[in-house]
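Student: Please take me through this model. I would like to know what the terms rest on.

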Amino acid sequence: MNSPETDQMLVALARLLTSSLALWKHRGTVRRETRGAIVVEADGHVTHIVRAAPGIPFRWSITIDGRERVAGSVSGLLRMLRSSLDPDFRPSRVRIAPIEITLL
Amino acid sequence: MIPVTVLTGFLGSGKTTLLAHLLKSPKLARTAVIINEFGAVGIDHDLVEAGEESFVQLETGCLCCSIRGDLEATIADLIARRAGGTVPPFERIVIETSGLADPAPILNAIMSEGVRGSGITLGRIVTTVDAVNGLTTLAREPQSVRQVAVADHLILTKTDLADPDAGLAARIAALNGRAPVSEVLFGNIDADDLLDAVPHAPDDLHLDAGHVHGEDVQCIVIRREQPVRALTLTLLLEALADHVGPELLRLKGIVNIAERPDRPAVIHGVQHVFHAPTWLDKWPSADRNTRLVLIGRGLAKPWIEDLIAAIDAELAELSTRA
């Protein structure tokens, strides 16, 4: 039995995954399964996403075509999913300038 | 910090005329100038009077593509020479881009130099638009659309040759309703009006939500009443850099951070490079909503909203487990 917060998170994640497929121009489906898993099927790939088991220092377990991986956040999960769908995907890692903005 | 002002605009739109006029102002006496021309022989250099030692001409190609590395090296070299005393202690750099330049890689290069701690910061982006040919140019040339979209200040030139067309004004307003538009003849504008106004102030963030203008450049406004966790903002920027970074011409915003609700954070980024937030002492108006403005190609407002919602929900769930 999931907590209300967990349910809310899974609903939000499923919605994000659906709009992400559209953004990435992939056809596919996103569905929630009964025990809290989210299944993404796109371009012949099947991805199962579940909360990682307690005690594991990652938040998400992602099984892509039978191979399990982990991610520490929603943004990490997205990166992993897209990498499986787009072999040419190269994330542009964020860079933060060490200075404050100068208001001229 | 040394501000780098970017002067851009399509071919023949009056950039060099404007720059030549500005450099006659005593207010720009301590200015280093970088001019980029597309072509093997530079001409603009001869049309602008400036101290040779602080003047660099890049004529090996278009600044935004083939010689971006040259730009970074040039800026770094200028800073080093300034520190070594071999050039005058300039207080500003002005880059005149090639008329064919996509501004995003140039802004990215400037901010990347900031990341490397070279002591520069992105100043204002000034874009010239030709009143005679501007509307046609905007219809035909995607680069000109990007130049207008990212501007902090738009300069309408050649209004002595043609009355500003209502269609042009509408097109400019649709592309960039935030930037002030000045009609300028022969570059005749006060340098203070152009260069020293506040470039990234929160008051800039007045745009119609969801404003979309064509298939090329879009401007998206995200507004949230609920304060944003600092970690949500970090993860949001990370995901934006990952998935739309190359297409993100500019991002600017004022953010109500949940952990510091009385001091709004101003954020600013180009592609995947972001400045560290500036914390204002107080909210500039009664509006305490978070407002993010994203300008770029291929952006999707629903995706960004879903992304924020999912990150927020993840962090909310995490806090219940703590």
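Tutor: Two strands pair if DSSP finds at least two bridges between them. Strands (E, at least two residues) and helices (H or I, at least four) are DSSP runs, numbered from the N terminus. The model is predicted: local features need pLDDT of at least 70, side-chain atom pairs count only at pLDDT 80 or more, and totals for chains, interfaces and linings use all residues. Residues are numbered from 1 along each chain as its sequence is written, and chains are lettered from A and ligands numbered from 1 in the order in which they are written.

Student: What makes E1(A) and strand E2 of chain A a pair?

Tutor: Five bridges join E1(A) to E2(A), residues 38–42, and the two run antiparallel. The definition asks for at least two bridges, so E1(A) and E2(A) count as paired.

Student: Why are E1 and E5 of chain A called edge strands?

Tutor: The open sheet has five strands in the order E1-E2-E3-E4-E5 (chain A), with antiparallel pairing. Strand E1 (28–32) and strand E5 (67–71) of chain A each have a single partner strand, so one side of each has no neighbour in the sheet. From one strand to the next, the twist averages 20° (the angle between N-to-C directions of axes fitted to C-alpha atoms, on a scale from 0 to 180 degrees).

Student: Which residues of helix H7 of chain B are buried?

Tutor: In H7(B), residues 166–175, they are Leu168(B), Arg171(B), Ile172(B) and Leu175(B). Buried means that 20 or more other C-beta atoms, placed from the backbone, lie within 10 Å of the residue's own; exposed means 12 or fewer, and partly exposed lies in between.

Student: Why are those residues said to line one face of H7(B)?

Tutor: Seen down the axis of H7(B), the buried residues fall within an arc of 95°, so they line one face. The face turned away from the buried side carries the exposed Ala166(B) and Ala170(B). Among the elements covering the buried residues are helix H5 (134–140) and strand E8 (217–224) of chain B.

Student: What makes Leu307(B) part of a nonpolar core?

Tutor: Such a core is a set of buried Ala, Val, Leu, Ile, Met, Phe, Trp, Tyr and Cys residues joined through C-beta atoms within 7 Å. The largest has 106 residues, and Leu307(B) is among those with the most contacts inside it, as is Leu13(A). The core draws at least three residues from each of domain 1 (2–199) and domain 2 (203–321) of chain B. Leu307(B) touches Leu16(A), Leu236(B) and Ala239(B), leaving aside residues up to four places away in sequence.

Notes
Domains from an automatic or database assignment. Contact = placed C-beta atoms within 7 Å. Arc of directions from axis to C-beta.
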